[in-house]
Each structure stands twice: as structure tokens, then as C-alpha cells.
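Please read the following report alongside the sequence and the coordinates. It moves from one residue to the chain as a whole, and then to several further positions.

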Amino acid sequence: MQLQDTNLFKPIVIGNDVRLSHRVVHLPTSRSRSTNDGENFPTDLMVDYYDSRSKVKASLTIFESTLVSPRSGLMPYKSGAWSFEQCKALKLITDKVHANGSFISCQIFAPGRTSNVHLLKKKGLPFAAPSPIYHSPDQAKAARNLNYPLQELTVKQIHQIQQDFVTAASNCLTVAGFDFVELHGTSGFLIEQFLSPVSNMRNDEYGGSVENRCRFLIEIIEMFIKHPSIGCTRFGVRLSAWSTHFGMIYPHDEYPIDETFPPLLYCQHVLSYLEELKQSGNEIAYVSIQEPRVSGSLDQNPLGRSNSSLLSKWSGVIIRAGGYATNYKGDPSCIASNNSNLSIVDGKIQHYSSLIQDVNSDDRTVIGFSRPFTSNPDLIERLRTNKKLDLYHREYFYTHELEGYLTFGEYVDDELYSNTLKLSQRELHRQGKSLAINGACNSELSV
């Protein structure tokens, strides 16, 4: 079966009235091309990137992780959504996507304990998390050397950050022009820090039981639904039971991977809550989940792991992601040996077998891609016509220059790589220019 004959290339409606022409979604792909000047602006490089990857009409792109506020944590090379100027700069990106006839969501997050402690101390901002548990020895060492220890969030601070999520979401929808926002509940950031017993050892209403640890996220969801500029149909939620980012590692002797595995329990609880909302007439736009064969940008062994218990909890639109792209140029045997999502029958690689099975299993599944979009701006068309993919270049994932970001061209043939853009060394090493309007920044918006 060719992909163009599957549900992957059938239309689907997300939210109230966003009709996609196919079910290939560009997942949020953090590439560190925003500014590092402390003002957290997108750059001109990002305008070109999102323009080139939204050319197929009625596609959906999810814009990379965007900070909700300084007091909830800061990271370098991330855009922010707490000021009018930041959101007007982001609108230069959404305008390009909309001019292509496509749609765009913004993934919003707070770093919490994963913040850059140097930035926080420089700006006099709190370094705080659900519990004062560092995500790594290096983080603890940096805080100790700066005499800037991690603090436990007070309940007042928790409520302030929840409001920051609401403000950022409203800003994204009303000023920046995004069609949706997505709550980032994985990758070791603040929402997952509340969800996980690895990072949350509180003994108040935001810690202890699964219900209490989910409270931070669920209260934000309730605030979104009630807000006049947001509402249930204009946001999604991203979850994963398999993230190992930023110290989210569960010792197997203490947390065996079975029906009691904590990430499965809190994901099930949140999805059951979202299904109750759906049944009561408050269905959110989508849920995005990660397959167990991938954590972030890294592959991992999925043996003994499954999302089946999660899929059964939610009946709305679901974005499934992780390792679905397999038909890369290069040595097939080498690729097959490193990709647990490939099957071989009679010596022949069965490309996209898992993708076809999953997208055809129902009429609500959308498939998300991240790494292959970085090296294939025309990924959607390559999937539709069964063209081989250019293999992504991991060494450029989190660099800050044009090289490895805007240097991939459209399909040439099944053997030659499509890196056809010939640029000078000066241009290749150019970092992006801030999209700040007239150099103004940080006029904070209110809800």
C-alpha cells in the first residue's frame, strides 16, 4: 500500500473549523535559532524555515517550544510570548504560514528546574520548581557555584505561573495569530515536573497522589476553557509516558514498567479527564503523544512499552509521533539495524508499515514528524509520492547558524542528497536577525 492511498492523505478537521488536507503534522522542533540577547525574540531565519515547510496547502505546523514568562524560567535561544513585541514578531511567522494556506499552533512551556541558572541570577528571577530537586549533578554544581539554589515554588507562585500560561496562550492567539496553542507536558519541563514523582515530592495539594500531581496542568486546562480568547477548541496537550529528558529517568527496581509505571498513570489520569470534558461538550482540539521508541530527538528501545492504555482513554483527535519516517537515502541495512520501527520480510525492508497500521487504525489519528522535516522541507510531497528522504544532520540540530537549518533543498533523486543551496561561508555562519519591531521589547501584556 502506498502512503497516498492511506488515511494519511485524507482530510481531517481539528478544533471547530480547521480542515487539514492531509494528516502529516510538523511537530515542534526546537532548533535554537531564536535570539540569545536576553529578550527571547524569533529571528528572520525562522521565518524562512516555517515558510518553506508549510507550502502544502492546509497543513498543520506546531511551532517550537515558547516561553510563557520570565518568572517561570528562562532558557537561551527560545522565543517568548509574554510581551506585545514578541508576539508581533511571532506574527511575521504565522503570516507566512497563513499566506501558504496552512495553519500553525504554538507550543508553550515553562522551564522550571531546567532553566539556565546564570540567566536567572543575572536578571534577579526566581530559580524554582515543584520541589528543590536538581535535574542533574551539573545543574546542582552550577547553582552551588553561583550561590543561587533551587527553591520550592510556593502556592502563590504556582498560581502566578498558571496565570502566565493563560496570558501567553491568549497572546499567541490574539496578537501573534496562531490558530492553536499546545501545552507542553513532557521533555522534563515544568508541567511534567509537577506530574512526575521523580521531580515532585510536595506534600500539599500539588503533590503526593496522581490526582494532586496532575492538578497544576488540569487547573491550567480549566482556565483555558473558561477564557474568552482561548476556549476548548483552540488548544491541545502534549504528553509522553516515555520521556527521559532532563532527569526524567525512573530506576527500574523502584518503578518497573508495568501498569503501575508513574508516567502511564498520570498520562491516563489526564487523558481520562480530557475525555470527560469531551463527553460534556468541551472537547479540546487535539492530544499529542510520543511513541515509546523515541524520547525527544533520540531513539530508544521500546521493548515492553506501549501506548495502548493511553489510546483507549481518549477518543478525540490524536497526534502520534516518533520514528515513523524510515525510507531514508543511504545504506538500508545500516538504517534498519538502528531503527526499531522497521520490519524486514523475505529480506526486504517494509518501509512505513507501522505508520500505515496506525494511521489506518481509526479515523482520528494524525502522524507527527520532527527530525525528517529538518532535512526535507518538501517532506509531505515526498511521503505522498514515495520518494526517499534526506537523512537529518544531528550535529546541526541545536546550533545557531544558517548552516544545517536552511541549507536543505527539495527532492533531486533517490541517490543524491538534496542539499543544493550554495551559499558563502559568511552566509552559512550567519546567525538570525532579531524580529523585534523597532528594537522595542518587553511591554508585558495583560490577560
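## Ser-131 and its surroundings

The side chain of Ser-131 reaches the backbone nitrogen of Met-201 at 2.8 Å, a polar contact in the sense of a pair of N or O atoms within 3.5 Å, where within protein one must be able to donate a hydrogen and the other to accept it, and where residues adjacent in sequence count only if both atoms are side-chain atoms. This is a predicted model, in which local features need pLDDT of at least 70 and side-chain atom pairs count only at pLDDT 80 or more, while totals for chains, interfaces and linings use all residues. Residues are numbered from 1 along each chain as its sequence is written, and side-chain values use heavy atoms, with hydrogens and water left out.

Ser-131 sits in the loop between β6 (128-129) and α4 (137-146); helices (H or I, at least four residues) and strands (E, at least two) are DSSP runs, numbered from the N terminus. With a relative accessible area of 2%, Ser-131 is buried, a class that means under 20% relative accessible area, against over 50% for exposed and in between for partly exposed (1.4 Å probe, protein chains only). If neighbours within four places in sequence are set aside, Ser-131 is in contact with Leu-150, Glu-152, Ser-199, Asn-200, Met-201 and Arg-202, where contact means heavy atoms within 4.5 Å.

## The chain as a whole

The protein chain has 15 helices and 16 strands. Its C-alpha atoms fill a box of roughly 60 × 55 × 45 Å along the principal axes. For 447 residues a compact globule would have a radius of gyration near 22 Å, and the 21 Å of the protein chain agrees with this; the radius is taken over C-alpha atoms, and the globule rule is 2.2 Å times the number of residues to the power 0.38. Of the 447 residues, 57% count as buried, and among contacts between residues at least 6 apart in sequence, 73% join residues at least 24 apart.

The accessible surface of the protein chain comes to about 17,900 Å², of which 50% belongs to carbon and sulfur atoms; such areas come from the Shrake-Rupley method with a 1.4 Å probe, and for residues only the protein chains shown count as cover. There are 44 positive and 47 negative side chains, and the centres of the two sets lie 3 Å apart. In this count Lys and Arg are positive and Asp and Glu negative, with His and the chain ends not counted, and the place of a charge is taken as NZ of Lys, CZ of Arg, CG of Asp or CD of Glu.

## Further positions in strands and loops

Gln-107 lies in strand β5 (residues 103-109) and is buried, with a relative accessible area of 3%. Its side chain is joined to that of His-184 by a polar contact of 3.5 Å. Beyond four places in sequence, the residues in contact with Gln-107 include Pro-28, Ile-62, Phe-63, Glu-182 and Arg-238.

Val-294, in strand β11 (residues 294-295), is likewise buried at 3% relative accessibility, and, with neighbours within four places left aside, Val-294 is in contact with Asp-299, Gln-300, Gly-322, Gly-323 and Arg-371. Val-345, by contrast, is partly exposed at 44%, and is located in strand β14 (residues 343-345).

Ser-83 belongs to the loop between β4 and α2, where its relative accessibility of 0% makes it buried, and its side chain reaches the backbone nitrogen of Gln-86 at 3.0 Å. Tyr-77 is found in the loop between β4 (60-67) and α2 (84-99); phi of Tyr-77 is near 60 degrees, a positive value in a residue other than glycine, and Tyr-77 is buried at 16% relative accessible area. Asn-386 also has a positive phi of about 60 degrees although it is not a glycine, but Asn-386 is partly exposed at 36%, in the loop between α14 (379-384) and α15 (425-428).

| Pair | Separation in sequence | C-alpha distance |
|---|---|---|
| Val-294 and Ser-54 | 240 residues | 24 Å |
| Ser-83 and Ser-375 | 292 residues | 32 Å |
| Gln-107 and Gly-404 | 297 residues | 23 Å |
| Val-345 and Gly-80 | 265 residues | 48 Å |
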